[in-house]
Structures are given as C-alpha cells and as structure tokens.
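The questions below go through one protein model piece by piece. Each answer ends on what was asked for.

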Amino acid sequence: MGDVVQMHFSTVDYVIFVVLLVASAGIGLYYAFSGGRQRTTQEFLLADRSMRCLPVSLSLLATFQSAVAILGAPSEIYTHGTQYWFLGCSYFLGLLIPAHIFIPVFYRLRLSSAYQYLELRFSKSVRICGTVTFIFQMVIYMGVVLYAPALALNAVTGFDLWGAVMAMGLVCTLYTALGGLKAVIWTDVFQTIVMFAGQLAVIVVGTHQAGGIAEVWRKAQNGSRISGLDLNPDPLERHTFWTLGVGGIFLMLALYGVNQAQVQRYLSSRTEKEAIMSCYAVFPCQQIVLTLGCLMGLVMYARYGEESPLDKGYVNSNDQMVLYFVMDVLRDLPGLPGLFVACLFSGALSTISSAFNSLATVTMEDLIKPHVRPMTEARATLLSKMLALAYGLVCLAMAYFASLMGSVLQAALSIFGMVGGPLLGLFCLGMFFPWANSTGALVGLASGLVMAFWIGIGSFVSRMSAPVINATVIPNVGNMTTAVMTTLIKPKQRPSGVQALYSLSYMWYSAHNSATVVVVGLLVSFLTGPWKEKELNPGTIYPVLGNLLFFLPQRYKEKLCCVTPLEDHSKGLECQPYQMAQKDSNGVAYTKGEDKLREEDGEKITAQPTCNLAHTVQETAL
C-alpha cells in the first residue's frame, strides 16, 4: 500500500452512506406495501406496464452507469487524455436505432422477456440458448460490480470490505425482492441524482482548489491531455474516433437494444411512444455523465500532473487512484467524501438491482413458465420474488469469488462485453434477415461466442505475459504502463496473424462478434434451407432491407424477402396472430395448438391492446 497513511471517513460520511442505503430500502418497502402490493407477475416484473417516460429514462441511464464506470472514466482521461470523450458520438446512433427498430418490434409483440422474441422468430431451443447466455453474462458481471468498488474503497480508506459488500448486496436484494420493477426504477431515479451530486461535488471543489476551470484546462493542454480528432482507421489502435464513434455504437446496441435489463424498462412503459421518448431522454443524460467523467479526469491531472498517486505507490491500481483523489480533495470537508462514496455505491446498487430483476424475469418467463403449468398468479409471483432473492444471494457468492480471482477481475468485466456482442448478433439475424433459420441462429450464436472468448481470453493472456500494470477498470483495457499520449509513442512493430486479432481494440469486440453471428448464421441458413418471409410469425421481422432497397421493383423485393412493413402488424385484425401475445392472467404464453384447444373448451382468448391501438384480437385470426 505504499508508505502513505490511509485516509479515514468521519462520522458524517458514514451517516450519509447509511442514509443512502436506508432511503433505497425505504423506496422498496413503499412499493411492496402500496398500489397493487406486487401481487401479480405483471406488476412485479413489468411494473404493470404503467411507467412514465422520465423515471424510465433515468433508470435506463443508471443501469449501466456502474461504480466501475464512475471510477474508470476519470482514470482513463487522466492517463490517456480526452480521446475517450468521442465515445459520446456513438450515443446518437446507439440510442436512435433501439428507439426506432428494437423498441417497436418488442413493444408490439407484448413480450415480457426479450428472449420470447427468439422463440417467436426461431424456435424454443434458440430461446433457451439466448436465455442461458444472458444469465451467465449477468451473474458473472454483478459479482464484480459489487466487489470492485468495495475493494477500491477498502484499499484507500480502510472502509470495511465485506461490511460494504454485504450491506449493498442485502439492501439491494431486499428492495428488489419486495418492491419489484417499480421499486428498482424509482430507486434508480434516486441513485442517479446521488451519482450526479457526488461527481459534481468533487469537480466543483477540485476545480476551485486547482485555481478555476481555465487553469485546469491550461494544465491539461500543457500536459497534452486535450486530444484532437484522431482519424486513424487502424482497428488495433485502442482509442481513435472510429473505434469509439463507430465501435461504440455496437456496444450501445448490445446494452440499449437487446439487453433484458433495458428491454424490460421499455416494456414497462405505458405506451410505445413513452418507451421511445425515454430512450431519447437518455441521450443528453449520457452526454452529461461522460462530460462529468472527463472533467473529473482533467481536474485530477491539474492536481497531480505527471506524478500520479499510482507512480508514487500511494495506491495499487487506477480505480483506487480516483478514490485517493476524491479523499485528497475533500478531506477537509466532512460529509463530501461520504457523498462521493454514496455516489459510487449508487452506481453499484442501480446495476445489480437491475440484474436481479431481469434475471428473475428471464428465469421465470423463459425457463420455468413454458415447462411448468398450470400455476396460479399468487404462486407465480411468489416464485418470481424467490428468484430475485436467490439471485441476490448468488451475487454475494460471486462477489466472494471475485475476491479470489484477483487479476482475473479484468477478464470477468470483459466477459460482459464478450457475451453482449453475440447476443446482439442473434437478435439482428432474426430481426433483419428473413432467410435465417433456427439452425443458422444456433450455429451463429455458438460461433460468435467461441470467437468472442477466443479473442477475449487470447488478448488477456498475451497482455498478462507482457509486463503490464494490473487494473480493475472497464475502460483501461490497453497498455497501462505509460502515461504518455499514444500519439507521442514511437511507432512500434505492428502485430500480425493471430496476434493482430488479439490486439484488436476492445471497443470493436461487440461489432466483430455480432458480425460473426450474422455472417455464420446466414451461411448456415442458406446451406440448410433458408426460410421464406411468409412462413414467419408476423411482426418478428423489421423490414430494414425493404427500406434500404426502396428503389427496387416489387417483384425483386418479394424474391429477396423484404416486403412486409412492420406497421401492418399492429393494424387490422386478421394479420396479428402473435402466439405469445395471447396470455392468461398470470402471463403464461400459449402456442397455436394450445390456443385452439382452449378455444374449443369455450374460452374466448383476447390479446392485450397493442401499444395505443386498443383493439381486440380474436383467436379466429389463427
């Protein structure tokens, strides 16, 4: 730990930290005992589809603004300069595409889980593979998200490591299991405000101590930390405009387009329009978050210059450096260090509560309901709550494993990115390419995952064999050994062959892996007999090819399978036979054959109103 004395919290700091936990738990308890009291799975898992735009958008923002990102961005800027800020360019398309392609498809199908779509479009086996992949991804991720900030906090302030982990894990499990998605969304709103307040406090006080914003900027410019537009097209270069601005789009699509934690928030909105508006509202908030992270990094540079606390041995890794800086800046202001720690833990809480809730949803909707029936509404809701509780305990166990992993922590974080790409590819394959069949989807997903782990683990091993300082922060995946700008480094030998693949910028992982799934999926589909658009469930294809090839005559479009516009499926009665949209009171989905049987028994089955077109779909459509 170096020879410096650990900085300690005052009583006021601890009080602020406890208030955050109590307030979060309070919101959960409020929703557990008010309104519908979480008695139905629809309310527990989807907030009765009654949420408005603002809370949904803040919740979308908070879900992946984890503590790891709060610690990661400033140390990235401090070490490598403001190039990272160009990630903001990817947010535009990264949120526009989900708003106008993914949300309409998911919302009009009235799904509970994004993976129901995979069964509607492909088959049950594809749905189960997608679900299992997602569960694997989130379980590993949430343990690290819980453990990493507690570890950094413990190293810098001596704050009890397992006390912090247990407090966060248990409070989060409590309000998620009791209050359902409503509690998760409203605690996210509260935690987002705390996050902004904590970061702003550090930036304002730090800037004041450094002699004003102009002085901060001047020092950063003198130290070559203000980066220009780097248009180097080389995909092996860690951060350039292209890796951040284009590669970042695929990263955003994997998060905001197809991740169950986010899709669930879209589906909890009152109307499709509110869901789209909430996606729009995330855009300015994301830019503010990114700018705050960058400013904090620059204020850190203005304070320490090239003599970082890391080089002096005061801290052991980059994420601890940010906490050291915060404690250093705010040490004479009791309460403010506590506010920043509350901000940090808000990031962790909002991420893991979303993980618990989305994991409970996919386990319930995709793994239990299709195979276990009949189930009463009360029993289904109780089971959902038990699942949320169980995942909370699994998260604590994963945090314990994360503590044993040590240097593998970085790899565990990379798994999140590794798995997100192939899942994005799978949804794109289904949504944009009518020819893709379920064999193609399965082989495509498998090849995408193999490719992802091959590159991810290969690059990790090749980095570990080089003398690199270990770090536990998402953005710092590249060479940490130097604080010199990449533009000033002497040209080094370009890697070739497999080594070049391992040297691919981590920002391209998502794009590369999703492209692998689509290409392999289409090849296998054509070899095993492509499907025709007429054979597919209506509403599962977004006519992106039809829109792009608008200039072709109709008969060629029909041959290419890109005719049906999406809108047709949400109008008119006869063309809306969504098997899974027909649900009984506890949300169990029935397929065509079962619907026929149930109708013969004299039941009249109706679908829920599709977005704001409140018409009833009769079963005769089938």
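Q: Leaving aside its neighbours within four places in sequence, which residues is Phe-106 in contact with?
A: This is a predicted model, in which local features need pLDDT of at least 70, side-chain atom pairs count only at pLDDT 80 or more, and totals for chains, interfaces and linings use all residues. Residues are numbered from 1 along each chain as its sequence is written, and side-chain values use heavy atoms, with hydrogens and water left out. Contact means heavy atoms within 4.5 Å. With neighbours within four places set aside, Phe-106 is in contact with Leu-111, Ala-114, Tyr-117, Gly-257, Val-263, Leu-267, Phe-427 and Met-431.

Q: Which residues touch the most other members of the largest nonpolar core?
A: A nonpolar core is a set of buried Ala, Val, Leu, Ile, Met, Phe, Trp, Tyr and Cys residues joined through side-chain atoms within 4.5 Å. Buried means under 20% relative accessible area, exposed over 50%, and partly exposed in between, with a 1.4 Å probe and protein chains only. Among the 169 residues of the largest such core, the most other members are touched by Phe-106 and Phe-340.

Q: Which helix gives the largest share of this core?
A: Helices are DSSP runs (H or I, at least four residues), as strands are (E, at least two), numbered from the N terminus. The largest share is 18 residues, and these come from residues 161-210, helix α8.

Q: How far apart in space are Phe-196 and Phe-340, C-alpha to C-alpha?
A: Phe-196 is placed in helix α8. In sequence, Phe-196 and Phe-340 are 144 residues apart; in space, C-alpha to C-alpha, the distance is 9.4 Å.

Q: Is Arg-108 buried or exposed?
A: Arg-108 lies in helix α5, residues 88-108. Its side chain is joined to that of Glu-272 by a polar contact of 2.9 Å; such a contact is a pair of N or O atoms within 3.5 Å, where within protein one must be able to donate a hydrogen and the other to accept it, and residues adjacent in sequence count only if both atoms are side-chain atoms. Because the relative accessible area of Arg-108 is 12%, Arg-108 is buried.

Q: How many residues of helix α6 are buried?
A: At the start of α6, a side-chain oxygen of Ser-113 comes to within 3.0 Å of the backbone nitrogen of Tyr-115. The buried residues of α6 include Tyr-115, Glu-119 and Arg-121. Helix α6 (residues 114-121) is mostly covered, and the number buried is eight of its eight residues.
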